[in-house]
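Visitor: I would like to learn how to read charged pairs and a nonpolar core in a model such as this one. Could you take me through them step by step?

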Amino acid sequence: MTPNTGPTGAAEAPDSGSSAFAADLLRGHTDTIVLGVLRGGDSYGYEIHKAIREATGGDYEIKEATLYAAFRRLTKDGLIEPYWGDETQGGRRKYYRITDAGRAVYGSNVTAWIATRRIIDSLLDVKER
């Protein structure tokens, strides 16, 4: 079975089997992942995309449509704020910054993830590797 891969060969979308399970798990945490990247500082779409790819050693690459849907959702919910950069060269970039509400949601989601991971590890009898 071959997972769906993008131009870089990284997993993008679920296929079936274990790669689909992992992709679905990651996709369910897209908003928290984006908030986590923005905790490190304001950033724009491509830079966030690159940070996520590099953080996984190239194993996961978020689709552009998924990323921009997350930006719209997080902006609508007041968890991030967009603003236009003032680049002196090239096209204008829309930057995003995390809000205090975004930081609170990020912390809550990470706490929930740690608790959930512990429960699933127990149910699946998974030991630290």
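**Charged pairs and the core**

Guide: Let us begin with one residue, remembering that this is a predicted model: arginine 97 is partly exposed, its relative accessible area being 30%.

Visitor: Which residue meets the side chain of arginine 97 in a salt bridge?

Guide: Side chains of opposite charge can pair when their charged atoms come close. Here the partner is aspartate 42, with a distance of 3.8 Å from N to O, which falls inside the 4 Å cut-off for a salt bridge. The pair links distant parts of the chain, since aspartate 42 sits in the loop between H2 and strand E1 (43–44) while arginine 97 belongs to strand E3 (residues 94–98), 55 residues apart. Aspartate 42 is also partly exposed, at 38% relative accessibility, and a network of salt bridges links Asp42, Glu81 and Arg97.

Visitor: How many salt bridges does a search of the whole structure find, and where does the one between aspartate 31 and arginine 73 lie?

Guide: The search finds four salt bridges. In the one you name, the side chains of aspartate 31 and arginine 73 meet at 2.7 Å, N to O. Aspartate 31 lies in helix H2 (residues 30–39) and arginine 73 in helix H4 (residues 64–76), so this pair ties together parts that are 42 residues apart in sequence. Both ends count as partly exposed, aspartate 31 at 22% relative accessibility and arginine 73 at 38%.

Visitor: How many residues apart are arginine 27 and aspartate 24?

Guide: They are three residues apart, about one turn of the helix, and both lie in helix H1 (residues 17–27).

Visitor: Turning to the core, which residues touch the most other members?

Guide: A nonpolar core is read as a set of buried residues joined through side-chain atoms. The largest one here has 16 residues, of which Val34, Leu35, Leu38, Phe71 and Ile80 touch the most other members. At least two residues of this core come from each of H2, helix H3 (45–55), H4 and E3, and H4 gives the most, with four residues.

Visitor: With which residues is isoleucine 80 in contact, leaving aside its neighbours within four places in sequence?

Guide: Isoleucine 80 is then in contact with Leu35, Leu38, Phe71, Leu74, Thr75, Tyr96, Arg97, Ile98 and Thr99.

Definitions and conventions. Residues numbered from 1 in each chain as written. Predicted model: local features only at pLDDT ≥ 70, side-chain atom pairs only at ≥ 80, totals over all residues. Heavy atoms only, no water. Buried < 20%, exposed > 50% of the residue type's maximum accessible area, 1.4 Å probe, protein only. Core = buried A, V, L, I, M, F, W, Y, C linked by side-chain atoms within 4.5 Å. Contact = heavy atoms within 4.5 Å.
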